[in-house]
Amino acid sequence: MFEDLFYERLTKLRTEKGVSARDMSLTIGQSSGYINGLENRNGFPSMQVFFYICEYLGVTPSEFFDNNINYPEYKEIIRDLNALDASQLQNIKAIIKGLKH
């Protein structure tokens with residue numbers, strides 16, 4: 001189950017980034033066919049290489065396995081929220097609660 005999620009997310013995130021498996025492989029310091037091999041379900045990366053993959057894709061390891069969030073938009077929203085003061089955050093919270101009803 002988790003194995004399938006790993007392979008699916010790797011392919012999806014790489015495709016969304018718009019890079020080839022070969023370019024990604026070389027950029028993270030692996031042989032040219034490394035990512036292609038992973039996407040074809042030939043093994044798993046070491047923990048260190050998994051962290052390189054996440055860094056390259058611009059996601060945390062937790063985000064890598066969370067298939068329910070559109071991370072570019074989510075991260076943009078979080079950046080914008082972090083720029084608000086406490087009063088503005090309370091207003092946003094009230095808006096969100098109102099939208100949920």
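# Close-up views of the helices and their contacts

**View A. Tyr34 counts as buried because its relative accessibility is 18%.** The model is a predicted one, in which local features require pLDDT of at least 70 and side-chain atom pairs count only at pLDDT 80 or more, whereas totals for chains, interfaces and linings use all residues. Residues are numbered from 1 along each chain as its sequence is written, and side-chain values use heavy atoms, with hydrogens and water left out. A residue is termed buried under 20% relative accessible area, exposed over 50%, and partly exposed in between (1.4 Å probe, protein chains only). Tyr34 belongs to helix 3; helices are DSSP runs of H or I with at least four residues, numbered from the N terminus. Between Tyr34 and Arg22, which are twelve residues apart in sequence, the C-alpha to C-alpha distance is 7.6 Å.

View B. The expected span is 1.5 Å times one less than the number of residues. The buried residues of helix 1 are Leu5, Phe6, Tyr7, Arg9, Leu10, Leu13 and Arg14. An α-helix has 3.6 residues a turn, so residues three or four places apart point the same way. Just after helix 1, Gly18 adopts a positive phi of about 80°.

**View C. Arg9, in helix 1, is buried but has no salt bridge.** A salt bridge requires a side-chain nitrogen of Lys or Arg within 4 Å of a carboxyl oxygen of Asp or Glu. For Arg9, the nearest side chain of opposite charge is that of Glu16, at 5.7 Å; Lys and Arg count as positive, Asp and Glu as negative, and His and the chain ends are not counted. A polar atom of the Arg9 side chain does lie 3.2 Å from the backbone oxygen of Asp66. Such a polar contact is a pair of N or O atoms within 3.5 Å; within protein, one must be able to donate a hydrogen and the other to accept it, and residues adjacent in sequence count only if both atoms are side-chain atoms.

**View D. Lys12 and Glu16 form a salt bridge within helix 1.** The model holds three salt bridges in total. The closest N and O atoms of Lys12 and Glu16 are 3.8 Å apart, and the two residues are separated by four positions, about one turn of the helix. Lys12 counts as partly exposed because its relative accessibility is 37%, whereas Glu16, at 53%, counts as exposed.

**View E. Glu39 and Arg14 are joined by a salt bridge, with an N to O distance of 2.6 Å.** Glu39 lies in helix 3 and Arg14 in helix 1, so this pair ties together parts that are 25 residues apart in sequence. Glu39 is classed as buried because its relative accessibility is 16%; Arg14, at 12%, is classed as buried too.

**View F. Arg41 and Asp4 are paired through a salt bridge, with N and O 2.5 Å apart.** Arg41 is partly exposed at 41% relative accessibility, as is Asp4 at 35%. Although not a glycine, Arg41 has a positive phi of about 65°.

**View G. Val49 lies in helix 4, which covers residues 47–57.** Val49 counts as buried because its relative accessibility is 9%. Its C-alpha atom is 13 Å from that of Thr60, eleven residues away along the chain.

**View H. Helix 7 is capped at its N-terminal end by Asp85.** A side-chain oxygen of Asp85 lies 3.1 Å from the backbone nitrogen of Ser87. The 15 residues of helix 7 should span 21 Å at 1.5 Å a residue, which agrees with the 21 Å between the end C-alpha atoms.

**View I. A nonpolar surface patch is formed by Ile92, Ile95, Ile96 and Leu99.** Together these residues have about 380 Å² of accessible area, as given by the Shrake-Rupley method with a 1.4 Å probe, where for residues only the protein chains shown count as cover. Patch residues have over 30% relative accessible area and no salt bridge; like charges are joined within 9 Å, and nonpolar side chains (Val, Leu, Ile, Met, Phe, Trp, Tyr) within 5 Å. Ile96 lies in helix 7, residues 86–100, and is partly exposed at 45% relative accessibility.
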